[in-house]
Amino acid sequence: MTDPIAFLDLPKQQARLKDAIERRVKTVFEHCRFVMGPEVEELERRLAEFGGAKYAIGVSSGTDALLMVLMGEEVGPGDAVFLPAFTYTATAEVVLLLGATPVFVDVEPDTFQISMSSLADRLAAIRAAGELEPRAVIGVDLFGQPAPWDELKTFAAQEELTLIADCAQSFGASYHGRRLGHEARATTLSFFPSKPLGGYGDGGAILTDDAELAALYRSLRTHGEGKTRYEVERIGINGRLDTIQAAVLIAKLEAFEDELKRRDIIAREYDAAMPAGIQAPVRVADSESAWAIYTVLLPDAAARDSLQAHLKEAGVPTAIYYPKPLHHQPAYSEHHDGVSLPVSESLGARVLALPIHPELTGDEVSRITDALKSWAGENA
Ligand SMILES: Cc1ncc(COP(=O)(O)O)c(C=O)c1O
């Protein structure tokens, strides 16, 4: 039996980047400015440059980034925030933490990105019911591909909604030849270790082109501080990025372009080898994915479960993002109006994510594609 393949290989990543990371972290141990040390500002400069945004604000996680952006908009009770039902829980939980109501929107059956027609329907229904004030829409770049930003921008402007970009899975992706990072009023990033740009712990950032908003987010991440440390201008949180995480991320950012290229090569190899009966990810037009996740689609739950078992047998780990849409989760169902979102409801049983990370070797990719083909051969 050959060695099992890793879904995410942090030990190998460590071995590859160890020297650069240790050098950066050692500097932090020398100056001991563990909170808001100089590495935080350096990382912010580099992130803004990489994402093509004017300002970057390092924060404690992708979830806190979303929370602070909504706090900055003063979203609260009585407000409706529209977001896809097929996403990670963090996109929705921040809305409820502020007492506002998440309005779940269906997604497209091929790209899994938010459906503009469902969004229009959901907004019309909320307006007709007259109980909530539509305030914002959060676009999510699911699995690393861009949400339909052109359409979202036009729609948000027409409907007077604030547009927020949850780029937790897509930092490094591009759309119309430009890196994602400035499609919305504010863009949030996550540096959770499994993300394309992952730290060694929790971390996140907010990108914006607006100087006033940047100042507001800096205040919110430090307990709402004003011009001096003990002037409390507003209610904030402890939402800072640790200096050690910033040091790790600076070192990792240096290798990021090459890692993105490697992820893309693997995705293309999977695409090229994909047998009939398994649908490779459908690409969003004029874009490049960051390949946080490479998700294939099967015709039904039986086929998906059978492929997952077959791959496991061959030492290939897989994951299911996401088994259940948010509006069917116990924590959210009571906040949902009961409307059916059929695409989001069907995907959970049919999706399967294959390993995609820069440490995968050519041999491992071949083992994975061979296993896909042998399953397809047996199930033709
Ligand atoms: C779409 C999406 N939004 C938000 C988050 C939250 O990021 P974090 O885990 O850094 O809080 C995640 C990450 O897991 C995510 O995938």
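**After the helix, and back along it**

A: Let me begin where α9 ends: this helix is followed by G315, whose phi is positive, near 80°. Please keep in mind that this is a predicted model.

Q: Okay, and how many residues does α9 have?
A: Helix α9 has 13 residues, covering 301-313, and from its first C-alpha to its last it reaches 18 Å, which is close to the 18 Å expected at 1.5 Å a residue.

Q: Which of the residues in α9 are buried?
A: The buried ones are A303, R304, L307, H310 and L311. Looking down the axis of α9, these buried residues fall within an arc of 130°, so they line one face of the helix.

Q: Why would a spacing like that put residues on one side?
A: An α-helix has 3.6 residues a turn, so residues three or four places apart point the same way.

Q: What do the buried residues of α9 pack against?
A: They pack against β12 (351-354) and α12 (362-378), whereas A302, K312 and E313, on the other side of α9, are exposed.

Q: And what caps the N-terminal end?
A: D300 caps that end of α9, with a side-chain oxygen 3.3 Å from the backbone nitrogen of A302.

Q: Switching to the ligand, which residues are closest?
A: Of the 14 residues that surround the ligand, the closest are G62, T63, D166, Q169 and S190.

Note on methods. Residues are numbered from 1 along each chain as its sequence is written. This is a predicted model: local features need pLDDT of at least 70, side-chain atom pairs count only at pLDDT 80 or more; totals for chains, interfaces and linings use all residues. Side-chain values use heavy atoms; hydrogens and water are left out. Helices (H or I, at least four residues) and strands (E, at least two) are DSSP runs, numbered from the N terminus. The expected span of a helix is 1.5 Å times one less than its number of residues. Buried means under 20% relative accessible area, exposed over 50%, partly exposed in between (1.4 Å probe, protein chains only). The arc is that of the directions from the helix axis to the C-beta atoms. Contact means heavy atoms within 4.5 Å. A polar contact is a pair of N or O atoms within 3.5 Å; within protein, one must be able to donate a hydrogen and the other to accept it, and residues adjacent in sequence count only if both atoms are side-chain atoms. A residue is near a molecule or strand if one of its heavy atoms lies within 4 Å of it.
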